[in-house]
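Let's take a walk through a protein model together. Keep the picture open while you read, and look up each residue as we get to it.

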Amino acid sequence: MKKRILGKDLEVSAIGLGCMGMSHAYGPAADKKEMCELLAKAVDRGYTFFDTAEVYGTPENPHDNEELLGEALKPYRRNIVLASKGGIRFDETSEAVNKPLIPDGRPETVKASA
């Protein structure tokens, strides 16, 4: 796998793995055991850059994807880069099954996300 430098010296795989679909947006969350195996295979193949967000889950557990990646990638934590987006939340006032997302970049929200 080719590598890229982000910024001054952050080296990552040229191809990153976006992990949203493992827990969010494309139907029910995928089987956690299968996703852990997939993530381990990705690392074995040279992936070092993984992308998630604090709302790649459900309104009941918006951190589902971050938790999945944390568990699955823990053995590799010194060899990977994990990007997680914050400053966005579910609209809890909505009656919709798939609650809309609300950008919320207020300092207190970003701090809570971190």
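Let's start with charge: the protein chain carries 16 positive and 18 negative side chains, and the centres of these two sets are 8 Å apart. In this count Lys and Arg are positive, Asp and Glu are negative, and His and the chain ends are left out. Each charge is placed at NZ of Lys, CZ of Arg, CG of Asp or CD of Glu.

A word on where this comes from: the model is predicted, local features need pLDDT of at least 70, side-chain atom pairs count only at pLDDT 80 or more, and totals for chains, interfaces and linings use all residues. Residues are numbered from 1 along each chain as its sequence is written, and side-chain values use heavy atoms, with hydrogens and water left out.

**The whole chain**

You'll find three helices and seven strands in the protein chain, following the pattern β-β-β-α-β-α-β-β-β-α along the sequence. Helices (H or I, at least four residues) and strands (E, at least two) are DSSP runs, numbered from the N terminus. The C-alpha trace spans about 45 × 35 × 20 Å along its principal axes. Of the 114 residues, 32% are buried, where buried means under 20% relative accessible area, exposed over 50%, and partly exposed in between (1.4 Å probe, protein chains only). Look at contacts (heavy atoms within 4.5 Å) between residues at least 6 apart in sequence: 57% of them join residues at least 24 apart.

**Strands side by side**

Two strands pair if DSSP finds at least two bridges between them. β1 (residues 3-6) and β2 (residues 10-13) do this in the antiparallel sense, over four bridges, and I5 has E11 in β2 as its bridge partner. Their hairpin has three residues between the strands, and G7 there takes a positive phi near 65°.

There's also an open sheet of three strands, ordered β3-β4-β5 with parallel pairing. Its edge strands are β3 and β5 (81-85), each pairing on one side only. β3 and β4 (residues 49-53) pair over two bridges, with F50 in β4 as the bridge partner of L17.

**Two buried loop residues**

Which loop holds S23? S23 sits between β3 (17-18) and α1 (32-44). S23 is buried, with a relative accessible area of 5%. Beyond residues up to four places away in sequence, S23 touches A29, Y56, G57, D64, N65 and L68.

E54 belongs to the loop between β4 and α2 (64-73). Why does E54 count as buried? Because its relative accessible area is 10%. Leaving aside neighbours within four places in sequence, E54 contacts P62, H63, E66, S84, K85, G86, G87, I88 and S113. One of these, I88, is 34 residues away from E54 in sequence but 7.7 Å away in space, C-alpha to C-alpha.

| From | To | Distance |
|---|---|---|
| S23 side chain | D64 side chain | 3.1 Å |
| S23 side chain | N65 side chain | 3.0 Å |
| E54 side chain | G87 backbone nitrogen | 3.2 Å |

Key
Polar contact = N/O pair within 3.5 Å; in protein donor to acceptor, adjacent residues only side chain to side chain.
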